[in-house]
Amino acid sequence: SPAGVRGPDPKDQIASLTAFGRLIVQALDHLRGRQTDAAIATLKQALKINARAYDPHLLLGDAYLTRRAYDAALGEYAAAALINPSDATPVIGSATALAAQMRLNEALAKLQDAATLEPSSAEIPLARGKVYEMMDRDGEALEQFQRAARLNPADPRPRARLADVALRLQ
């Protein structure tokens with residue numbers, strides 16, 4: 001703004017911020033209820049209010065991933081990563097979409113990018129282990145699931161994957 005010219009009064013934005021928040025809550029409820037199409041429609045409404053908001057892009061990525069609309073998911077995760085480049089979550093989402101497309105080496109590269117952002121995340125070795133499983137690299141998958149279990153002992157997912165891989169390695 002030029003000197004002496006004020007931007008919009010924040011009080012004037014209260015209604016749209018309230019509507020935006022309501023839409024995000026609705027979208028989360030839809031996702032929890034496995035109503036993916038309703039969640040996508042609601043998130044698109046939220047983006048009409050604030051196209052540069054992180055959460056709708058991340059959640060749309062998740063919804064598109066559920067719908068197996070992998071290219072759309074990759075686009076939304078890329079948008080979320082641009083908005084918040086220090087968060088590994090959209091990068092992990094991108095890796096998941098790439099793996100679902102059997103673009104496994106690209107998925108591993110994305111997971112390496114995510115590990116650079118959040119080296120102590122248990123989600124990264126969990127996702128990496130799943131990719132290694134898809135590549136029939138069970139020894140490396142086992143190591144990744146063990147690491148994920150150490151990083152987050154409360155999460156049952158790595159232990160379940162560990163049991164599956166261990167059975168195959170016998």
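Colleague: How do you know that the span of helix H4 (residues 70-83) agrees with its number of residues?

Modeller: The expected span of a helix is 1.5 Å times one less than its number of residues. For the 14 residues of H4 this gives 20 Å, and the end C-alpha atoms are 20 Å apart, so the two values agree. This is a predicted model: local features need pLDDT of at least 70, side-chain atom pairs count only at pLDDT 80 or more, and totals for chains, interfaces and linings use all residues. Residues are numbered from 1 along each chain as its sequence is written, while side-chain values use heavy atoms, with hydrogens and water left out.

Colleague: What makes a stretch a helix or a strand, and how many of each are there in the protein?

Modeller: Both are DSSP runs, numbered from the N terminus: a helix is a run of H or I of at least four residues, and a strand is a run of E of at least two. The protein has 9 helices and 0 strands. Its C-alpha trace spans about 70 × 40 × 30 Å along the principal axes.

Colleague: Which residues of H4 are called buried, and what covers them?

Modeller: A residue is buried under 20% relative accessible area, exposed over 50% and partly exposed in between (1.4 Å probe, protein chains only). In H4, Tyr-70, Ala-73, Leu-74, Glu-76, Tyr-77, Ala-79 and Ala-80 are buried. Their cover includes helix H2 (36-49), helix H3 (54-66) and helix H5 (89-100). Of the 170 residues of the protein, 39% count as buried.

Colleague: Why is Thr-42 called buried?

Modeller: Its relative accessible area is 7%, under the cut-off, and Thr-42 is therefore buried. Thr-42 lies in helix H2. Leaving aside residues up to four places away in sequence, Thr-42 touches Leu-23, Gln-26, Ala-27 and His-30, where contact means heavy atoms within 4.5 Å.

Colleague: Why does Ile-40 count as buried, and which residues does Ile-40 touch?

Modeller: At 9% relative accessibility, Ile-40 also falls under the cut-off and so counts as buried. Ile-40 is in helix H2 as well. Beyond the residues up to four places away in sequence, Ile-40 touches Leu-60, Ala-63, Tyr-64 and Arg-67. The C-alpha atoms of Ile-40 and Asp-62, 22 residues apart in sequence, are 9.7 Å apart.

Colleague: Are Arg-34 and Arg-68 buried or exposed?

Modeller: Arg-34 has a relative accessible area of 72% and is therefore exposed. Arg-68, with 65%, is exposed on the same criterion. Arg-34 is in the loop between helix H1 (14-32) and H2, and Arg-68 is in the loop between H3 and H4. Each has a positive phi in a residue other than glycine: near 60° for Arg-34 and near 65° for Arg-68.

Colleague: What makes a set of residues a nonpolar core, and which residues have the most contacts inside the largest one?

Modeller: Such a core is a set of buried Ala, Val, Leu, Ile, Met, Phe, Trp, Tyr and Cys residues joined through side-chain atoms within 4.5 Å. The largest has 44 residues, and Ile-92, Leu-111 and Val-131 have the most contacts inside it. Residues up to four places away in sequence aside, Leu-111 touches Ile-92, Ala-95, Ile-124, Ala-127, Arg-128 and Val-131.

Colleague: What makes a space a pocket, and which residues line the largest one?

Modeller: On a 1 Å grid over the protein atoms alone, a pocket is an open set of points where a 1.4 Å probe fits, with protein on both sides within 12 Å along at least five of seven lines; lining residues have an atom within 4 Å of a point. The largest pocket is lined by Asp-62, Leu-65, Tyr-77, Thr-89, Ile-92, Gly-93, Thr-96, Glu-123, Leu-126, Ala-127, Lys-130 and Arg-157. H3, H5 and helix H7 (123-134) are the elements that give two or more residues to this lining.
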